[in-house]
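Here is a short note for a reader new to this entry. Please keep the structure open while going through the points.

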Amino acid sequence: WNCKEYLDPASRIILATDADPPGQALAEELARRLGKERCWRVKWPKKNETEFCKDANEVLMFLGPRALKEVIEGAELYPIRGLFNFKDFFPEIDSYYLGIHGDELGIPTGWKCMDGLYKVVPGELTIVTGVPNSGKSEWIDALLCNINNQCGWKFVLCSMENKVRDHARKLLEKHIKKPFFDARYGGSVERMSKDEFEEGKEWLNESFHLIRCEDDCLPSIDWVLNLAKAAVLRHGVRGLVIDPYNELDHQRPPNQTETEYVSQILTKIKRFAQHHSCHVWFVAHPRQLHNWTGAPPNMYDISGSAHFINKCDNGIVIHRNRDPDAGPVDVVQVCMKKVRNKVIGQIGDAFLTYDRITGEYKEADEAIVAKVVKQQIRQKSTSYQR
């Protein structure tokens, strides 16, 4: 970040890091932050029949300065910009096969009942929807806390419906597992202590970064993605949350349909995710549901365009039980409606319970799940009869 003014004008950056795993990881992170389209890798030659040189110094010592110059000059492997052979990607494919980066099979969600359906993969786009007050934002916050606890990922949040102080409270309660206030919703659970609060603030500041539009105007998707790109470069964030779609500025050209406009937005988000190896969660509300029976909505119910399900990598519907006869009203159904990558998940439902005191989500008891499913079958049967 401190060298940004020198790096920005560079059209070609040669990465000549060590050949060992830490050096490869450094090259991957540098390319991710600087932009892979202008970064070229040096492949160190053999120093004898069985061993490869580890770095530039070994090439200089064993093969001499001319060999080092040739190796660096040979880093440019793409004579036609934008046109590649699979061979050009063999190092990346090798890393994928060998599991070098550790996230090839996805990052676990923190809930065993969900991990067979959905895992978080860098570079993918997840669309999250659900009827109002179903807990979409709360569930995403809980997921981010789980991933941070497991892997130390950092995130940038563009959450336009949340006040900063309220969002901080929700995240701190999930992290510390105690209520923020000594209020009625906390019941008999002791409020987080001053020391816990101070520790939580440090965690909050290190783990999350905010995108906020302080002007009266609505932010555009380009404005959000430019700031998210800066967060990748400056802080190394691995995840972006845009919540929700309808709070963005949607001024489109007169000759462009809403379907074309939504397609363009999602393409920009997917390119950002893939280019910077970030996972993006994008919250979109469903359109007004007429004659709603209480069952989970579909991804095609999202207001705006069918492209929300067509173009995303993962489609999730968050649904909360509102019928006391069907089971506890704290039961949350996470419906995987689309999974593009069969390696990390499949279509299906997971059931969690929501702790109103701390904002935590836990796996639901099997008997409760069975009761909710039976009630949903009854609702569908009634709907068909009508």
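1. Salt bridges come first. The structure holds 15 of them; a salt bridge is a side-chain nitrogen of Lys or Arg within 4 Å of a carboxyl oxygen of Asp or Glu. Side chains of opposite charge can pair when their charged atoms come close.

2. A word on the basis. This is a predicted model, in which local features need pLDDT of at least 70, side-chain atom pairs count only at pLDDT 80 or more, and totals for chains, interfaces and linings use all residues. Residues are numbered from 1 along each chain as its sequence is written, and side-chain values use heavy atoms, with hydrogens and water left out.

3. Look at R340. R340 forms a salt bridge with D313, with the closest N and O atoms 3.1 Å apart. R340 lies in the loop between strand 9 (331-339) and strand 10 (348-354), and D313 in the loop between helix 12 (307-311) and strand 8 (314-320), so the pair ties together parts that are 27 residues apart in sequence. Helices (H or I, at least four residues) and strands (E, at least two) are DSSP runs, numbered from the N terminus. D313 is buried at 8% relative accessibility, while R340 is partly exposed at 44%. Buried means under 20% relative accessible area, exposed over 50%, and partly exposed in between (1.4 Å probe, protein chains only).

4. E198 pairs within a helix. Its salt bridge partner is K194, at 3.4 Å between the closest N and O atoms. Both lie in helix 9 (residues 194-207), four residues apart, about one turn of the helix. K194 is exposed at 58%; E198 is partly exposed at 32%.

5. Two further cases. D8 forms a salt bridge with K4, the closest N and O atoms being 2.9 Å apart. D18, D20 and K54 are linked in a network of salt bridges.

6. Now the cavities. How many cavities of 30 Å³ or more are there? The count is two. A cavity is a set of points on a 1 Å grid over the protein atoms alone where a 1.4 Å probe fits but cannot get out; lining residues have an atom within 4 Å of a point. Grid points are joined across faces, edges and corners, and a volume is the space filled by probe spheres set on the points.

7. The largest cavity has a volume of about 60 Å³. Helix 7 gives the most to its lining, with four residues. Among the lining residues are S137, D141 and H167.

8. The second largest cavity holds about 40 Å³. Strand 4 supplies the largest share of its lining, three residues.

Notes
1 Å grid on protein atoms, 1.4 Å probe; cavity = no way out; pocket = protein on both sides within 12 Å on 5 of 7 lines; lining within 4 Å.
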